[in-house]
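My entries follow the order in which I checked them.

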Amino acid sequence: TALVEREAESLKKFFGKDIDVPPVPDSITPEQYEKWREMKFELHYLPAEDMSDSANYPGWKKKPGKKYAGAGIEFLDEAKNSQNSLTPDALQLNGGWVLVDTREKPAYNSGNQNYADDKFARGIEELRKANIIEEKGKKGSRFSISWEELQKPEVKAKFAEILEVSPDQIRLPRAIEWNFLGNAYYQKWGDTNTWEWFEEVYSGSGRLIGGRSDDGGLTFVSWVGAGGRRDGVGFRPLIVFS
């Protein structure tokens with residue numbers, strides 16, 4: 001299909017070699033795909049590839065986790081050395097089709113910023129009214145939501161309803177997935193001074209965040225507590241197809 005050919009071409013440009021891209025899962029219909037595209041979501045194939053620091057792929061211009069002005073963590077080094085709960089599998093793309101929210105992060109505006117034309121806004125507002133997400137945040141905003149709240153079954157069920165997928169398909173992107181997608185397709189994700197949540201645990205109760213332009217953009221990885229509600233930390237869901 002055209003989608004498979006598009007992905008194969010993009011992956012060859014990034015990795016500098018041919019990548020075998022399997023067919024789009026049968027569960028995804030052309031009609032559903034068009035709905036997602038109208039919602040600013042796009043399908044991409046994540047190949048099973050090593051993303052350690054020694055990998056010199058031509059499209060990997062901004063590798064993650066190089067400290068910027070003393071901020072953040074050395075993600076690539078810490079994963080390689082199994083420090084602070086990061087393990088070598090943190091440097092692996094696992095292979096598989098994913099649905100990606102293509103929106104750019106908004107710039108920080110005292111916590112009043114919002115993702116453009118956000119299809120989750122109404123659902124988030126409903127979750128805040130029901131006190132499933134604390135009402136500290138601004139109604140339908142993706143900011144001031146904790147990592148722990150994003151894991152709640154009610155939250156995943158609401159997002160799944162909006163996207164017409166199963167709740168167990170929804171999670172946050174891993175840091176290396178976010179970095180790969182940003183380098184390969186969405187360079188502007190690193191252009192604004194807000195962060196986004198990543199899936200990984202870090203040093204017990206910590207969870208990874210990254211992407212803030214003032215600290216290096218696509219290269220920046222740091223961490224905060226899983227229960228923290230920061231008005232500069234947003235999120236983008238990743239929908240995984242087995």
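**Entry 1: a charged cluster**

I started with E7, which is buried, with a relative accessible area of 0%. Here buried means under 20% relative accessible area, exposed means over 50%, and partly exposed lies in between (1.4 Å probe, protein chains only). Before going on, I noted that this is a predicted model: local features need pLDDT of at least 70, side-chain atom pairs count only at pLDDT 80 or more, and totals for chains, interfaces and linings use all residues. Residues are numbered from 1 along each chain as its sequence is written, and side-chain values use heavy atoms, with hydrogens and water left out.

Which side chain meets E7 in a salt bridge? I found R6, at 2.9 Å from N to O. A salt bridge is a side-chain nitrogen of Lys or Arg within 4 Å of a carboxyl oxygen of Asp or Glu. Side chains of opposite charge can pair when their charged atoms come close. R6 is partly exposed, at 29% relative accessibility.

R6 also meets E42 in a salt bridge, at 3.4 Å from N to O. This pair links distant parts of the chain: R6 is in helix α1 (residues 2–15), E42 is in strand β1, and they are 36 residues apart. Helices (H or I, at least four residues) and strands (E, at least two) are DSSP runs, numbered from the N terminus. E42 is buried, with a relative accessible area of 10%. I then wrote down the network of salt bridges that links R6, E7, R37 and E42. My search of the whole structure gave 22 salt bridges.

I looked up E149 next. Its side chain meets that of R229 in a salt bridge, at 2.9 Å from N to O. Again the pair links distant parts of the chain: E149 is in helix α5, R229 is in the loop between β6 (221–225) and β7 (233–234), and 80 residues separate them. E149 is buried, at 3% relative accessibility. R229 is partly exposed, with a relative accessible area of 24%.

R128 sits in helix α4 (residues 121–129). A polar atom of the R128 side chain lies 3.3 Å from the backbone oxygen of E134.

**Entry 2: W189**

Is W189 buried or exposed? I noted it as buried, at 1% relative accessibility. W189 lies in the loop between α7 (175–184) and β4 (195–202). I set aside its neighbours within four places in sequence and listed its contacts, among them V100, W178, L181, L218 and R236. Contact means heavy atoms within 4.5 Å. A polar atom of the W189 side chain lies 3.1 Å from the backbone oxygen of R103.

**Entry 3: the open sheet**

I traced an open sheet of 4 strands, in the order β1-β2-β8-β3, with antiparallel pairing. Two strands pair if DSSP finds at least two bridges between them. The edge strands, β1 (41–46) and β3 (170–171), each pair on one side only. β2 (residues 96–101) and β8 (residues 238–241) pair over 4 bridges. V98 stands opposite V240 in β8.

**Entry 4: helix α6**

Which residues of helix α6 (residues 153–163) are buried? I listed V155, K156, K158, F159, A160 and L163. Their cover includes α2 (30–38), β1, α4, α5, β3 and β8. E164 follows α6 and has a positive phi, near 60 degrees.

**Entry 5: two serines**

S110 has a phi near 55 degrees and lies in the loop between β2 and α4. S110 is exposed, with a relative accessible area of 54%. S144 has a phi of about 60 degrees and lies in the loop between α4 and α5 (147–150). S144 is buried, at 5% relative accessibility.

Conventions: A polar contact is a pair of N or O atoms within 3.5 Å; within protein, one must be able to donate a hydrogen and the other to accept it, and residues adjacent in sequence count only if both atoms are side-chain atoms.
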